[in-house]
Amino acid sequence: MEIFLKLLVGHCLCDSPLQGDFLAKAKNHKVPIPGVPWYQALVAHSVIQAGMVWLVTGKLWMAGAEFVAHAMIDYLKSEEKINFSQDQYLHVGFKAVYAMWLMG
């Protein structure tokens, strides 16, 4: 349970203050910031999230999974295929999977 809580705190930090308004807007390919490649912003945000998962779990493969999952989920949100609540449920769900995997 402790690892799950650490992942949740990390997610909250990385998805709010460490993302900031710039990355939150710039990663949206539907409404890009002029002169800022949206995919670079999405990659930067996903790397921040993946780095947090690596620091908390010590598992590089989980960081890789988080990078892919986070980028895909945020892209789907930009496509309006999912809403903000669904976006957050999916992110937290992946953190739960990582924690359960570690608990064996």
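**Group meeting: helix packing and a few residues**

Cys-14 counts as buried, at 5% relative accessibility. Buried means under 20% relative accessible area, exposed means over 50%, and partly exposed lies in between, using a 1.4 Å probe and protein chains only. This is a predicted model, in which local features need pLDDT of at least 70, side-chain atom pairs count only at pLDDT 80 or more, and totals for chains, interfaces and linings use all residues. Residues are numbered from 1 along each chain as its sequence is written, and side-chain values use heavy atoms, with hydrogens and water left out.

For Cys-12, the nearest cysteine sulfur belongs to Cys-14, 9.6 Å away, and Cys-12 is in no disulfide. Cys-14 is in no disulfide either; its nearest cysteine sulfur is that of Cys-12, at 9.6 Å.

Ile-3 sits in H1, residues 2–15. Helices are DSSP runs (H or I, at least four residues), numbered from the N terminus. Which residues does Ile-3 touch, not counting those up to four places away in sequence? Val-56, Ala-99 and Leu-102. A contact is heavy atoms within 4.5 Å. Look also at Ala-96: it is 93 residues from Ile-3 in sequence, yet the two C-alpha atoms are 9.2 Å apart.

Next, H3, which covers residues 38–57 and holds Gln-40. Gln-40 is partly exposed, with a relative accessible area of 49%. From Gln-40 to Lys-27 it is 13 residues in sequence and 7.4 Å in space, C-alpha to C-alpha.

How does H3 pack on H4? The angle is about 145 degrees, and the axes are 8 Å apart. Axes are lines fitted to C-alpha atoms, for helices over the stretch in contact; angles run from 0 to 180 degrees between N-to-C directions. H3 passes H4 in a right-handed crossing, meaning the near helix is turned clockwise from the far one by less than a right angle. On the H3 side, the contact includes Trp-38, Leu-42, His-45, Ser-46, Gln-49 and Trp-54. On the H4 side, it includes Leu-60, Met-62, Glu-66, Phe-67, His-70 and Tyr-75. By class, the contact of H3 with H4 has 13 nonpolar, five polar and two charged residues. Nonpolar is Ala, Val, Leu, Ile, Met, Phe, Trp, Tyr, Cys and Pro; charged is Asp, Glu, Lys and Arg; the others, Gly among them, are polar.

Stay with His-70, in H4. Is it buried or exposed? His-70 is buried, at 0% relative accessible area. Beyond neighbours within four places in sequence, His-70 contacts His-11, Asp-15, His-45, Ser-46, Gln-49, His-91 and Lys-95.

On to H4 (residues 60–78) and H5 (residues 84–103). They pack at about 165 degrees, axes 10 Å apart. So H4 is roughly antiparallel to H5, a label for angles over 145 degrees. H4 passes H5 in a right-handed crossing. Trp-61, Ala-65, His-70 and Ile-73 are among the H4 residues that meet H5. The H5 side includes Phe-84, His-91, Phe-94, Lys-95 and Trp-101. The class count for H4 with H5 is 11 nonpolar, two polar and five charged residues.

Last stop: the loop between H4 and H5, where Glu-80 sits. Its phi is near 65 degrees, a positive value in a residue other than glycine. Glu-80 counts as exposed, at 70% relative accessibility.

Note on methods: Helix = DSSP H or I, 4+ residues; strand = E, 2+ residues; numbered from the N terminus. Parallel < 35°, antiparallel > 145°, perpendicular 65-115°, else oblique. Disulfide = S-S within 2.5 Å.
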